[in-house]
Amino acid sequence: MTLNSYRWRIPVTQRPFFALLAASSLLITACGKKKPEVGVNPNDTPTSQPPAPSPTPPPPSNPGNRTDPGASDAERTALLADLEMLIHFEYDQDAVRPADQAILDRKAAILAANPAVKLTIEGHADERGSDEYNLVLGNKRASATKRYLESKGIDSGRLQVISYGEERPLDPAETEDAFAKNRRAAFKVTAGGDKLAAPR
């Protein structure tokens, strides 16, 4: 008996059912097939792997940064005291005395280590001479001090000069000791004093 002759023996009303049954069988058979595994054959010899990248080192701690906020309060106080230490001048003179050069050298070292620090240099005179003359003399003293610091490599933009002449004496007495105290250059930190590091 041929397939054709068998086919026509299935009642017409049952033919769609058998067609659906045949399609389902094909679908189940197709889904049941195992997919071939993709990957390394266990019989293959392993090939050499590229070396793992070395871990990235941490960024450097910026050794050039000399404005370390970790300075102790005591160290900061000492550095501010050095920056604000007075220097003095001979009568009617504006040249920096050799005895005061070490004080200015210390200031220059601190300024070099702390590039954010700025100073105002105040020039003062004793009361002898006219007000106008002493204002000019105070300015000359402050300017001579600034030039000395510049000669040590400090940028002029960080140093401001002002003269008070005889207006702000440290000692109002009219004695030689008082006059010697009043002939001075004073220093005020105007920026960067909150974060100081000692010179290295």
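User: What should I know before reading the model?
Analyst: The model is predicted: local features need pLDDT of at least 70, side-chain atom pairs count only at pLDDT 80 or more, and totals for chains, interfaces and linings use all residues. Residues are numbered from 1 along each chain as its sequence is written, and side-chain values use heavy atoms, with hydrogens and water left out.

User: How do strands of a sheet pair, and what is the strand order here?
Analyst: Strands pair through backbone hydrogen bonds, either parallel or antiparallel. Two strands count as paired if DSSP finds at least two bridges between them. Strands (E, at least two residues) and helices (H or I, at least four) are DSSP runs, numbered from the N terminus. Here an open sheet of four strands has the order E1-E4-E2-E3, with mixed pairing. Strand E1 (87-88) and strand E3 (159-165) are the edges, each pairing on one side only.

User: How many bridges join E2 to E4?
Analyst: Six, and the two strands run antiparallel. Lys118 stands opposite Ala191 in E4. Glu122 has Ala186 in E4 as its bridge partner. E1 and E4 are also antiparallel, joined by two bridges. There, His88 faces Arg184 in E4.

User: Which residues of helix H3 are buried?
Analyst: Buried means under 20% relative accessible area; exposed means over 50%, and partly exposed lies in between (1.4 Å probe, protein chains only). In H3 (residues 73-83), Leu79, Leu80, Asp82 and Leu83 are buried. They share one side of H3, because they cover an arc of only 160° around the axis. The arc is that of the directions from the helix axis to the C-beta atoms. Asp73, Ala74 and Thr77 are exposed on the other side.

User: What covers the buried residues of H3?
Analyst: The cover includes helix H4 (98-113), strand E2 (118-124) and strand E4 (184-191). Contact means heavy atoms within 4.5 Å.

User: Is Asn134 buried or exposed?
Analyst: Asn134 counts as buried, because its relative accessibility is 1%. It lies in helix H5 (residues 131-151). Beyond four places in sequence, Asn134 touches residues including Asp126, Arg128, Ser163 and Glu166.

User: Which charges lie over rings?
Analyst: A charge sits over a ring if NZ of Lys or CZ of Arg is within 6 Å of the ring centre and within 35 degrees of the ring normal. Lys107 lies over the face of Phe187, at 4.1 Å from the ring centre. Arg168 lies over the face of Tyr164, at 3.8 Å from the ring centre.
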